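Dear colleague,

Please find below the structure that I am handing over to you. My notes on selected residues follow it.

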Amino acid sequence: APVQPVENETIAPAAEQSANAGAPAVDASAENATAESTPAAEAAPTIADLATNSNANTASTDATAKTKGKKKTGLIIGLAIAAVAVIGGGVGAIAYLNWHESPEQTLADAISNVWNAKNIQAEATITGEAKDKDSDFSKIELKMNMIATQNAASMSINTLSIDTKENGSYNLSVESAYSLDDDIYFKIGGIKEAFDGAMKNVDKDEAEELEAISGMVGGVIEVLDNQWIKIDSDLLKEMGVKDQYDCYKEKAKALSSEDFKKKVAEIYENHGFIALKDDKVVKTEDGLSYYSIKIDNKESEAFGEEVEKLDEVKALTSCFDSELDTDEDEAEEWDDDLDLEFNDDIKKEDEQRDYDLLVGISGWNHTLKAVEAKSSDDDADMSIKLNLSYDEKAVELPGDAKNAKDLVEELKKAIQSSALDLVKQQVTAQCGLMYDSEKEITDCVETVMEENAEEIEEELGGLDLVDMFDTIDL
């Protein structure tokens, strides 16, 4: 039968072939074998033919053995190289992980991630407890939420609680929102409760004075309390600052550009003012690793000076140049004195204050998720707890806001109405000193009010919020 060569298969030596099959060895080495079978019509090789090629077959067998030896050697070398690659790769991976997870790199990544974030949400709690016996308050607590996007922001102070030593506690809420493409909004809540609390906790003389104008204050509170107020371009124009604000809105958009962020990041690389106090993890909590950090005031000042030199920042500050004092020398001198005094105060406070500043950073992605700060001096203990997130969340602008200009007119009317009531109360009190009967007192009040109507109208017509507490002198 014709031989059926098998691709890439090496036939055993002739001696093994004879022993196993009782037939001469067949040279079917991988180098000469083909994948095609010998055609049936072709004559099968004779024993003589095979015998004639026996010497060649033996040589082929030796060559095959050497080839196998080379293949084994190559395999061993290949395995060795693979092992080295795996071990080397493992060492490299470990080195990378050590670098990636190092405290320094973790902090650097966290700062970079915050700076490049397009959306930031924050929940903050700030508390302060007084140590000084002469302090007006015993405790202050503030809880707030903030949202910041590239062109809008909102802040909600849900709780502003002030515990005073003499006048009890006050609770207010403040909300604000703005957009570079829209107007400015704000709202104050809890005004009535705060005023009522003040009325209960003042001394007798102050209570009588406040009681005299409580109706006027009540009218103002009714207009303002828990009411969203919109400051639009018309009001800004009347205030003489519309051009400045329009300029600010236009120039501020450049601060969100990738080019500006890159410039600031490069400045920070040269003047990084946030550094680790210790390269150890202080604590772990809620999946975050907390590190203790410090602020380098010298580098922080240098960083700020370099940022001020950027074209985008110069363009923004130029929006308010027209508001500076016309006497530039005097304005500059005043500004320098203010900065010097302020910086001196800060330095003195820093020297006297002990503070701890911790940052909580998540694992592999190195995202700053929390900040904790505590400070203490002879006057008070302060603490701040800040939780951060970076999900996309739009700033919601209120739809029920009243235009500030319209609200001012409402306030004037409320003040004038309350002031008129106050005038009537005062006239009634004076008439009561002169007359006994109710009819005489009523007639007296009507007469005085009619005779002085023009003067009263003139006085009340020019009355505004600033004059509210002066109306007791009318």
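Helices (at least four residues) and strands (at least two) are DSSP runs, numbered from the N terminus. The model is a predicted one.

Most residues other than glycine have a negative phi. Aspartate 286, although not a glycine, has a positive phi of about 55°. This aspartate is found in the loop that runs between strand S8 (283-285) and strand S9 (288-295). With a relative accessible area of 73%, aspartate 286 is exposed, since exposed means over 50%.

Histidine 366 likewise is not a glycine and has a positive phi, near 55°. Its place is in the loop between strand S10 (354-361) and strand S11 (368-376). Is histidine 366 buried or exposed? Histidine 366 counts as buried because its relative accessibility is 1%, and the limit for a buried residue is under 20%.

A further residue of interest is aspartate 232, located in the loop between strand S6 (229-231) and helix H8 (233-239). Aspartate 232 is buried but forms no salt bridge. The nearest side chain of opposite charge belongs to lysine 230, 5.2 Å away, whereas a salt bridge requires the charged atoms to lie within 4 Å. What joins the side chains of aspartate 232 and asparagine 403? The link is a polar contact of 2.4 Å. When neighbours within four places in sequence are left aside, aspartate 232 is in contact with Asp183 and Asn403.

Yours sincerely

Technical notes:
Residues are numbered from 1 along each chain as its sequence is written. This is a predicted model: local features need pLDDT of at least 70, side-chain atom pairs count only at pLDDT 80 or more; totals for chains, interfaces and linings use all residues. Side-chain values use heavy atoms; hydrogens and water are left out. Buried means under 20% relative accessible area, exposed over 50%, partly exposed in between (1.4 Å probe, protein chains only). Lys and Arg count as positive and Asp and Glu as negative; His and the chain ends are not counted. A polar contact is a pair of N or O atoms within 3.5 Å; within protein, one must be able to donate a hydrogen and the other to accept it, and residues adjacent in sequence count only if both atoms are side-chain atoms. Contact means heavy atoms within 4.5 Å.
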